[in-house]
Amino acid sequence: MRFVQVVHLRIFFKWSLLFCVLLQCESREAEVGFVTCGSLVKLLNTRHNVRLHSHDVKYGSGSGQQSVTGVEAADDANSYWRIRGKPNTACQRGEPIRCGQAIRITHMKTGRNLHSHHFSSPLSNNQEVSAFGENGEGDDLDVWTVQCGGTYWEREEAVRFKHKGTEVFLSVTGEQYGHPIRGQREVHGMSSPNHNNYWRAMEGVFIQPSPDTPHHDEL
C-alpha cells in the first residue's frame, strides 16, 4: 500500500508539471507566494547560478550513491525536486513551509532523497551530498532544515538548507566535474554559513491548499 501511494504521487507530480507547461500557467504560480508542501521546484544556487540536479550516475568514490550536482541549464527535467515532510510527520499538501521546518527534498525522476553523510566530496573534500533511498523512502540523513528570515519560506527569498544529521549547509563552490558529467558543478556540505549556500526556488509547480482536503497527506 505504501509503495502504491508513492508511485501514484510520482505520477501525479509528473503530469502536474506537464499540464502546467502546456498551459503556460505563470498566473497560477504567481498566486502562491510561498514554497508549499508537495510543490515541485528547481532550486538555484544564487552565488554560482546553477540549479540543483541529479541523475542515475553514481559517485566513483565515497559512498558510491547517486550523485548530486549543479547545472547551468534552466530547462533540464533532472533538476526538479519535490518538497516533502520529514519521515513519519504529516505535511499537508499546499501548506506553506515554515522557516526552521525539517523537510525532505526528493528528486522527481529517480525518487531518491537529497542526503548527506560523513564521506568526503570528490573534488573539494567537503562533505559529500548524494541522492539516496528508493521510491521516496530513505533514512534520517535525508532531513534538511529550511533557514530563512521570516515566518514562511517565500518564493522570492534566498534560503539555506542545513542538514539535520550533520549540521552542514548545502553548498556549491564552483568545482567542475569531467567525464561523464563534464561541466557540472560539485554540490557538497559546508560546516559554516556563507554566500555559497544560498538557494532560491525557481521554476516549478507550486501546490495550493485544497479547501476540500482538510486531512493531512503524508508527503
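Author: At 15% relative accessibility, R112 counts as buried, where buried means under 20% relative accessible area, exposed means over 50% and partly exposed lies in between, for a 1.4 Å probe and protein chains only. This is a predicted model, in which local features need pLDDT of at least 70 and side-chain atom pairs count only at pLDDT 80 or more, while totals for chains, interfaces and linings use all residues. Residues are numbered from 1 along each chain as its sequence is written, and side-chain values use heavy atoms, with hydrogens and water left out.

R112 is placed in the loop between β5 and β6 (113-120); strands (E, at least two residues) and helices (H or I, at least four) are DSSP runs, numbered from the N terminus. Two partners of the R112 side chain may be named. The backbone oxygen of G133 is reached at 3.2 Å, and the side chain of E134 is joined to that of R112 by a polar contact of 3.0 Å. A polar contact is a pair of N or O atoms within 3.5 Å; within protein, one must be able to donate a hydrogen and the other to accept it, and residues adjacent in sequence count only if both atoms are side-chain atoms.

Contact, meaning heavy atoms within 4.5 Å, gives a wider view. Neighbours within four places in sequence aside, the residues in contact with R112 include D56, Q66, W81, I105 and H107. Also among them are A131, F132, G133 and E134.

N135 is found in the loop between β7 (127-132) and β8. With a relative accessible area of 23%, N135 is partly exposed. Its phi is near 55°, a positive value in a residue other than glycine. Most residues other than glycine have a negative phi, and most peptide bonds are trans. N49, in the loop between β1 (40-45) and β2 (50-58), likewise has a positive phi near 55°.

The strands β5 and β8 may now be considered. Strand β5 (residues 102-107) pairs with strand β8 (residues 144-147) in the antiparallel sense over two bridges; two strands pair if DSSP finds at least two bridges between them. A102 stands opposite T145 in β8. Strand β8 also runs antiparallel to strand β9 (residues 160-163), to which four bridges join it. There, V146 has F161 of β9 as its bridge partner.
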